[in-house]
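User: I would like to learn how to read the backbone and packing features of a model such as this one. Could you take me through them one at a time?

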Amino acid sequence: MTRSLVLPAGSGRFIAFLLLVVVVATAFTLAEPRFLSTQNISAVTRHMAANGLAALGLTLVVIVRKFDLSFAGTACFAAMTIGYLIALGQPLWISIPAGILVGAVIGAFNGVAISYFRLPDIVTTIATGSIAAGLAFVYSNGRTIFQNFMTSGILDLNDARVFGYSLSFVFLLGLYAVAWFFMHRTRYGASFYATGENPVAAYYSGVPIKHYTMLAFVACGMTSVFAVLLILAESGTADTNEGANLLMPAYAGVFLGTALLGRTSVLATLAGTFLITMLLDGFSLLGIPFYYSDGVVSAILLAGVVFFDARLRDLLGDIGTYLQPRSAKKETRA
Amino acid sequence: MAAPALRARAISKRFGPVNALSDVDFVLETGEVHALLGVNGAGKSTFIKILSGIYRKDEGVIEVGGEAIDCRDPKDAIRHGIATVQQHPELVADFSGYENIFLGREAMRPGLFSRIERGDLSKRAGALLKRFPVDIDLSKTIAEMSAVEREIVAILQALAGDHIRVLILDEPTSTLTEVEKTILFRLIDTLRQGGISVLYITHRLEEVMEIADRLSVFRGGRMVASMLVDEVRARNLSLAELMLGETLDHVFPPKAEPDAIGEEVLVVRDLTAGNSFANIGFALRRGEILGIFGLVGSGADEFAKALFGAIPVESGSIAIRGRPIAPRSPREALKEGIFLVPGDRRVEGLALTETSVFNITLANLKRASSAAGILKRTGNRRASTEFATRLALSPPNLSMPVSGFSGGNQQKIVVAKGLFAEADVYIFVEPTVGVDIGARAKLYGLMRELSRSAGVIVMSSDCDEVHGIADRTFALYKGRQISPPDGLQTRNRLLMAGIMGELSRD
């Protein structure tokens, strides 16, 4: 009876995720009908673009089983670099690639230090992130940069639409599609996974694990600049706080996605980011201050990780069987 | 007659649709060493897990000293006098032997500043050593200890409760050298004389004849034989046949025909790497299997890794197909056509949470993908299915994470990975550790098959394995190559060369 419908492996988790989305959306709509308004949905997609881009590079770092805590600082430094160049009157085709270059260079520095010089990832990235955040003050002594922003065309990135969707959201989906193909359908993606799963076995299989570890950090640095670029385009200014709000949603997106879909992957991060963005947006729509909503989202992240982690679930299941009356236990076994 | 130390009657255990154990009757006499044999999946692990309280039996009765007991967890089993030493005992590396033995029951001085009383610990350990004399320095930390010393600490830890009557040892010798084994066997003998019954699981049949009084054989979840070792000896029974339930003519495939031996594919001259090994040289031909017998610490493992580019060499030369090479990484070695089946497959060979297809294709991703790097999913699956059939992978499920396979089948996946890599030289290190006799015969057959188109090197600390599989052999002793000048090698000669470092004259 229950067997009549055969679903591909892993679809159970995906259905659980969709149900969760429906429950959350329904709850917010009941509390605040504007949640489903066109305006709000468009805001969700825009915020999701920034969060999702930052989480994408982090996904690669997590797949090679490392941590990057520097990308918020990196994004900030890159944002001020872009702002400074725009204020100098440089065109976007110079300022934006310069910002992306900053992200790539800091990422490469992290990657080389961690893979080739075997420095501890957490400490190294905290240090480089702080240095980058400090350097961000150099251009303007910490003052907000806004000169030439209106005329530079960067605001168009925020307003532009493709097929009725905001450009940033389309860019997000496009980059995720490319990343999905790269990570799950090419030998390079397989090498990233092998590096993270068992670096010794990967090395013995001829996978250049240090290259892949380094590349993951480069990707993380670059995508954090993509994310902050959208924030710049939306606010029309660059200040030294840029990027500070990227860290928690990105980690929450990656790890909640992993918890939901059972393994770190491009799609898992997309799912996790979607849920996180929806929650953050819903809370701000309800007028809940960010210092509460961040806490709530982080708590949901913890709960998600606990309830979806296979080992912990087994543990809870074991406790469950001990709590059952003995007769019931026999029945479940038969 | 007194009740036996332990008796099990009609034990059954099911896992879902699988009958892991059906109707097992078992008797363990007081003060005997009882070997438990069976291929992987025969039910012996399930059986000892029931005895030690890890699993609960579905049906049957377990009696200790004539009284029925019910074990819900390992603590219960220990309370009833049944202690177990796992295959890889969990010891705290930074603690001394004393501290590990009394872990969790340290003598604490009461009060606010309570701390471990080290003096008292060593006194209690001294009392334990008086009961079971064995030569060991317990003040060393576990990290400083050899494999056999760790095993001894684990056994003493299990025996630290004075009431223990039954000791279960799960493959205690799997990581031990020949010399270390004799030390362990001496301790087991002392335990036997002290009236403790030892239930001993092993894959190494020759050890059974050496140490056990009685043996029981499991096959397909049933106990198919239980007899005195003397009886096995008197009737000249084959343990391997008892385990497999079929006549086993040859575990090892036939040796290479002289005319099947081709050109030199790998030539090694005076290869030297620091303290690990020095001046090793040989020529390996296509069509033959070269066996290298070396104990732990002989330099065999390092030598294999040096050929594979994973550790640097200081001097000497390696030539493949007549061309000199100096691989600086496994990646370069693989490109030159050298494949290593590493000794520790779980650490060095497999990505355990990934599927068989992922693992099989990992060492040759170039072949597994198009020029643009896009994986050929259908082709890879087809190739993996073909290897799985050829190697009799069981279960033949290619989408399952490889952690779900037994040791023997995991090794088959590593070998399939080598087949997919299409190398000219295959190096097997300790290829059958933790592999049951059935899968072992399959693996040996495969090595022979591989040798028809490539050169094969087998390195092992099991002398019979090296002698049985290889066409030519030499031994490594403390990094020195010991090969007979006349090229003739008997099993005993090889054994002496590897253990003593000298050539005997027989």
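Analyst: Helices (H or I, at least four residues) and strands (E, at least two) are DSSP runs, numbered from the N terminus. Residues are numbered from 1 along each chain as its sequence is written, while chains are lettered from A and ligands numbered from 1 in the order in which they are written. This is a predicted model, in which local features need pLDDT of at least 70 and side-chain atom pairs count only at pLDDT 80 or more, whereas totals for chains, interfaces and linings use all residues.

User: Which residues does the cis peptide bond join, and where is Pro395(B) placed?

Analyst: Most residues other than glycine have a negative phi, and most peptide bonds are trans. Here the bond between Ser394(B) and Pro395(B) is cis, with omega at about -5°, and Pro395(B) sits in the loop between helix 15 (377–390) and helix 16 (407–421) of chain B.

User: What is the phi of Asp270(B), and is the residue buried or exposed?

Analyst: A residue is buried if 20 or more other C-beta atoms, placed from the backbone, lie within 10 Å of its own, exposed if 12 or fewer, and partly exposed in between. Asp270(B), which is not a glycine, has a positive phi near 50° and belongs to strand 11 (residues 264–273) of chain B; because it has 12 C-beta neighbours inside 10 Å, Asp270(B) counts as exposed. Arg321(B) also has a positive phi, of about 50°, without being a glycine, and lies in the loop between strand 14 (315–320) and strand 15 (323–325) of chain B. With 15 other C-beta atoms within 10 Å, Arg321(B) is partly exposed.

User: How do helix 2 and helix 13 of chain A cross?

Analyst: Axes are lines fitted to C-alpha atoms, for helices over the stretch in contact, and angles run from 0 to 180 degrees between N-to-C directions. Angles under 35 degrees count as roughly parallel, over 145 as roughly antiparallel, 65 to 115 as roughly perpendicular and the rest as oblique. The axes of helix 2 (residues 38–63) and helix 13 (residues 266–285) of chain A come within 8 Å and cross at roughly 140°, so these two helices of chain A are oblique to each other.

User: How is chain B divided into domains, and how far apart are their centres?

Analyst: Domain bounds come from an automatic or database domain assignment, which for chain B gives domain 1 (6–244) and domain 2 (250–337 + 470–506). The C-alpha centres of domain 1 and domain 2 of chain B are 37 Å apart.
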